[in-house]
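Reader: I am new to this structure. Could you take me through it, please?
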Amino acid sequence: MRRPLWWWSTAPSPGAIAVANVCGYPEGVERFLHALCGAPAPRRGEVAWRRFGAVDDGVVARVSARHALVMPHGGPRIRALLDARADELRAHSPVDAERDALSWPEAADPVERAMLATLARAASPLAIDLLAAQPARWREHGAPAGEPDDRDRRLRRLIDPARVCVTGPANAGKSTLLNALAGREVAIAHAQPGTTRDAVCARLDLAGVVVDWFDTPGVRPGMDAVEAAAARLAERALAHADLVIELTAPGLGWHSLDAAPGAMRLRVLNQCDRADAAACPERADAALAVSALRGAGIEPLVALVRNALVTPGDLADPRPWRFA
Ligand SMILES: Nc1nc2c(ncn2[C@@H]2O[C@H](COP(=O)(O)OP(=O)(O)OP(=O)(O)O)[C@@H](O)[C@H]2O)c(=O)[nH]1
Ligand SMILES: [Mg+2]
C-alpha cells in the first residue's frame, strides 16, 4: 500500500492549531509531504516550518519514517481545503479502528485506545478524570452489557456538548444573559425589542460542563420578515435542545414554545434587580430569579443547568461508563 493515510487528531471545532497525521510507507509519506509543501519532507525527528501550497503555513514534524504531523492553523476552512488537497494527492482516510491503533500505539488494550481517542475530542474539562478512570473500571467490572442507559447518555454530554436554548419574550434579557455567561459581548443586547434577529450560538464552559448555548430572538407581535426567518431558525434550535430555558422579566409573562420531546425545561425570572420583581406574578412560577445585568443569581443558574445536564450522581457513580 503506497498511498499514505491522512486524518486529523484535533477536534473539528475552531482552534489555534490543528494537527493532521500522514502515515504510511516512508516513500509514500515523503512524496505526499513534498507535493503538499513544495519542499523536501523533514527527516526523521526533525520539525520544520512549511507552506501548504496556497492554503496556509505551519509546522511539519516527522515523528518516524512512516509518520509525520502536519500542523496548520485550526480554522474549519483551512481543514477543509487541506482535506481536499490530501484527496488530490491520493491520501485516504483510515477506518476508525485503524486510525485509533495508529494514533494511540501506547494503549494497552482496545478500551484504553477508545478512551484516548474519546479524550482527544471531549469538550468538557470534567470528562478528563472520568475517562481516564474507565480502562481500570472496565477491567475490574467487565464490559457493561446491553445498550447505553440514561446515565451513559447524560455523561456523553461531556464529550459532545449539550444544547441549551434560551427562549422568551422580547426584552427579557436573553442576550444580556448570554453575554454575562460568556464574559464578553457575543450577542447585541438593547432596550429596543426585536434586537436579536438571528439564532446566536456560543460554546460556554458552565463550571466544567461545556454546552452549546443558543440565544433566540424574542417572540413579539408584528415581527418583520427577517425576524420571522430568525424565529424559524430558533424553532430548529429548539427542536434539537436538551434543555430549554424560558426566560422572562417582570410583567412580560411566559412564552412556552414547542421543543424536542424529552427536552428539560427551566423557568427563570430575569431582571430581579428591579423594584417590581419580588411581587410580580412570574416570580411564583420561576425556579430561579437572576439579574443578567448585575450578575445576581448567575452562579446558582450555572449550577442548576450543569447539574440538570450531567447530574452529580452520574459523576460520582463508580460503575463503568459506555463512553464510546
Ligand atoms: N434592570 C435590568 N435590565 C436588564 C437585565 N437584563 C437585560 N436588561 C435590559 O433589558 C433590555 C433588553 O435586553 P436584551 O438582552 O437585548 O433582551 P432580549 O431578551 O435579548 O431581547 P430580544 O433580542 O429583543 O428578544 C436591555 O436594555 C438590557 O440592558 C437585568 O437583569 N436587569
Ligand atoms: Mg436578544
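Reader: How do the residues of the lining of the largest pocket divide into nonpolar, polar and charged?
Author: The lining of the largest pocket has 12 nonpolar, five polar and six charged residues. Ala, Val, Leu, Ile, Met, Phe, Trp, Tyr, Cys and Pro count as nonpolar, Asp, Glu, Lys and Arg as charged, and the others, Gly among them, as polar. This is a predicted model, where local features need pLDDT of at least 70, side-chain atom pairs count only at pLDDT 80 or more, and totals for chains, interfaces and linings use all residues. Residues are numbered from 1 along each chain as its sequence is written, and side-chain values use heavy atoms, leaving out hydrogens and water.
Reader: And what counts as a pocket?
Author: On a 1 Å grid over the protein atoms alone, a pocket is an open set of points where a 1.4 Å probe fits, with protein on both sides within 12 Å along at least five of seven lines; lining residues have an atom within 4 Å of a point.
Reader: Where does the largest pocket lie?
Author: The largest pocket lies between domain 1 (5-99) and domain 2 (158-309), because both give residues to its lining. Those bounds come from an automatic or database domain assignment.
Reader: Which element gives the largest share of that lining?
Author: Helix 4 does, with five residues. Helices (H or I, at least four residues) and strands (E, at least two) are DSSP runs, numbered from the N terminus.
Reader: Turning to the sheet, in what order do its strands come?
Author: Five strands form an open antiparallel sheet in the order 1-3-6-5-4; two strands pair if DSSP finds at least two bridges between them. Strand 1 and strand 4 (47-52) are at the edges with a single partner strand each, so one side of each has no neighbour in the sheet.
Reader: How many bridges join strand 4 and strand 5?
Author: Strand 4 pairs with strand 5 (residues 56-64) over six bridges.

Terms used
Chains lettered and ligands numbered in written order.
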